[in-house]
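This report describes parts of one protein structure. Please look at the sequence and the model before reading on.

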Amino acid sequence: MFGALSKAVGSVCSRQGQAAVTGLGSVTGHQVRRAGHAENTNTFIREALAVLDLPPAMEKIVITPQREMTVELIINRDDGKPESFMGYRVQHDNARGPFKGGLRFHKDADLDDVRSLASLMSFKTALLDVPFGGAKGGITVDTKALSEHEIEKLTRKFVQIFDEYSKFEGYSPGVVTGKPTWLHGSHGRESATGRGTVFGIKNMLQAFGEGPPADKTFAIQGFGNVGAWAGRLLAEQGGIVKAVSDASGCVYDDGPSGIDVPKLLRHLHRGDDLSKYPHGQQLLRDEIFDVKCDVFVPAALGGVITDPVARKISCKYIVEAANGPTTPSADLILRDRGIPVLPDIYTNAGGVTVSFLEWVQNLQNFKWTTEQVNDQLKTRMDEAFQSMWDSSQEHGVPLRTGAFTVSLRRVVRATVNRGFN
Ligand SMILES: NC(=O)C1=CN([C@@H]2O[C@H](COP(=O)(O)OP(=O)(O)OC[C@H]3O[C@@H](n4cnc5c(N)ncnc54)[C@H](OP(=O)(O)O)[C@@H]3O)[C@@H](O)[C@H]2O)C=CC1
Ligand SMILES: O=C(O)CCC(=O)C(=O)O
């Protein structure tokens, strides 16, 4: 589906001779983030700003998105009837490089949601030291109600509109990343976010003196691209995946080796529901929060770790593979309970990092091997972990605040050096 689309947008980039990246081809779905997403993100940013003691004016500069757009997208459905959808594009910050971020399709996507996700992108790229800024697109749509052809039409319409806009407003149209490997895509992009999550888990466990993931127990909420890759890699390394959930339900296996992840993946790849998986025990979807484990990995939705969940969750660590899964008040409860949280802007940054590596390969007109990509990803995840950890230790703050302090320093320095202030 994205082959032709990538080509279309890529040609816009070369016509203008720019190296800007919008990442419109990076599509992730199923994001349900409840009220006040942008404010939740801003609460975390403000906490880090207070640690850094920056001039008060800087708060407004780093929090305010540079540009926001809302558009109506009209397509003809497969039955020939027109239907309209709302689309959003938020460009949060480009002090460190061109705007970059995926496009989210979800029935609950709205401007506030996209605003928060765009801001997370700016701080994620800064933490990984990837030379991009932050942006995000979103379309309010239930993708399960559309055919693949209709989704493609909607995506093309969205891209087209922002392409037209860019011609007049100087907004840099970008190279699409997440392209198929046979069309200038990078090896390792599909697995990148889950793989990055596992590098993050290893770094975190080591830093807390827990040793490797082998024999640790995991519960993974969401078993799509990110959750399934993380689960597969953890199982390969001897991790015990006790529970996984998706929108249809939750599978739980308390046996000594937990869920047989490859077997579960084969079941899902046959098109069968997770809730129909015959091995292990079936729980209600949200009972995953009750599963006792070493590491809980939210890899589905934003805003799922609320106060009641934070009070009852029975794990030693939380690793945020999803964007914005923990609300600020739940985060405070977890701190009180002594449950460290590996923050989203670090944990799931493997995706944008390999998108960056894809862009680098496209510039070089040269394809790296999967091993080369994965090695680079590891190096970058390790370096970012160290910066986040060091800052958190230096200031005596949680890892999330440590991560934001590193990112903020980089964003603010670029802003000041480029004279945006
Ligand atoms: N893909 C990437 O490269 C990146 C993804 N992320 C973030 O990671 C998260 C997951 O993304 P991705 O894996 O790509 O998305 P997918 O759409 O591939 O997978 C989402 C998964 O979450 C499940 N899900 C939906 N609702 C619930 C629920 N209420 N309880 C449990 N599971 C649920 C879905 O189930 P079902 O299939 O049944 O609907 C599906 O298994 C998102 O927050 C995304 O923003 C962040 C950075 C990069
Ligand atoms: O691959 C990309 O550039 C986008 C990744 C993304 O959207 C995210 O990290 O939330």
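## Lysine 136

Lysine 136 counts as buried because its relative accessibility is 6%; buried means under 20% relative accessible area, exposed over 50% and partly exposed in between, with a 1.4 Å probe and protein chains only. This is a predicted model, in which local features need pLDDT of at least 70 and side-chain atom pairs count only at pLDDT 80 or more, while totals for chains, interfaces and linings use all residues. Residues are numbered from 1 along each chain as its sequence is written, chains are lettered from A and ligands numbered from 1 in the order in which they are written, and side-chain values use heavy atoms, with hydrogens and water left out.

Lysine 136 lies in strand β5 (residues 134-140). Helices (H or I, at least four residues) and strands (E, at least two) are DSSP runs, numbered from the N terminus. Beyond neighbours within four places in sequence, lysine 136 has contacts (heavy atoms within 4.5 Å) that include Tyr88, Arg104, Met121 and Asn323. An unreviewed UniProt entry places the feature "active site" at Lys136; such annotations may be inferred rather than shown by experiment.

## The open sheet

Seven strands make up an open sheet of mixed pairing, in the order β9-β8-β7-β6-β10-β11-β12. β9 (281-283) and β12 (341-342) each have a single partner strand, so one side of each lacks a neighbour in the sheet.

Two strands pair if DSSP finds at least two bridges between them. Strands β6 (residues 217-221) and β7 (residues 240-246) are joined by five bridges in the parallel sense, and isoleucine 220 is opposite valine 244 in β7.

## Serine 391

Helix α13 (residues 370-395) contains serine 391. Serine 391 is buried, at 3% relative accessibility. Apart from neighbours within four places in sequence, serine 391 touches Val397, Gly402, Thr405, Val406 and Arg409.
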